[in-house]
Amino acid sequence: EPPAFRCPAGPFADLISVFNGHPVFDARKLTMPTLLVRGSDDTTSTDTDARRLLAAVASRQKSYCVITPGSHFLIMERNRSELYQRLSDFLSPVHN
């Protein structure tokens, strides 16, 4: 019995919960600097969804960027270098 984490149906269980109006976390508790990145062609997380989430985040330091082109799987797409650059800029000591 090693320590383990179980997530029945994995991300799909989370998606069903979110689609039914039950977020898997409370964005009002996020007080750290927050960067929300979305691919312009993402149909899983719409621009409206992203803006609503960002508005709920409690942090005073928060930003939102859209990368074009890009889908929900931007990390694996040809434009991933822009994603990496945005993350690097956000995490740089100058930002904090």
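**A chat about a predicted protein model**

The protein has three helices and two strands, where helices (H or I, at least four residues) and strands (E, at least two) are DSSP runs, numbered from the N terminus. This is a predicted model: local features need pLDDT of at least 70, side-chain atom pairs count only at pLDDT 80 or more, and totals for chains, interfaces and linings use all residues. Residues are numbered from 1 along each chain as its sequence is written, and side-chain values use heavy atoms, leaving out hydrogens and water.

Reader: What pattern does the protein follow along the sequence?
Author: Okay, let's walk along the chain. You'll find α1 at 10–19, β1 at 34–39 and α2 at 47–56. Then β2 covers 62–67, and α3 covers 80–91. Read along the sequence, that spells α-β-α-β-α.

Reader: Where is Pro-69, and which residue does a cis peptide bond join to it?
Author: Look in the loop between β2 and α3, and you'll spot Pro-69. The cis bond there has an omega of about -15°. Joined to Pro-69 by that bond is Thr-68.

Reader: Is Ala-58 buried, exposed or partly exposed?
Author: Ala-58 sits in the loop between α2 and β2. Buried means under 20% relative accessible area, exposed over 50%, and partly exposed in between (1.4 Å probe, protein chains only). Ala-58 has a relative accessible area of 40%, so this residue is partly exposed.

Reader: Which element gives the most to the lining of the largest pocket?
Author: On a 1 Å grid over the protein atoms alone, a pocket is an open set of points where a 1.4 Å probe fits, with protein on both sides within 12 Å along at least five of seven lines; lining residues have an atom within 4 Å of a point. The largest one has a volume of about 1,100 Å³, and among its 32 lining residues, Val-18, Phe-25, Ser-45, Asp-49 and Leu-53 are the closest to its centre. α1, β1 and α2 each supply at least two lining residues. With six residues, the top giver is β1.

Notes. Points joined across faces, edges and corners; volume = space filled by probe spheres on them.
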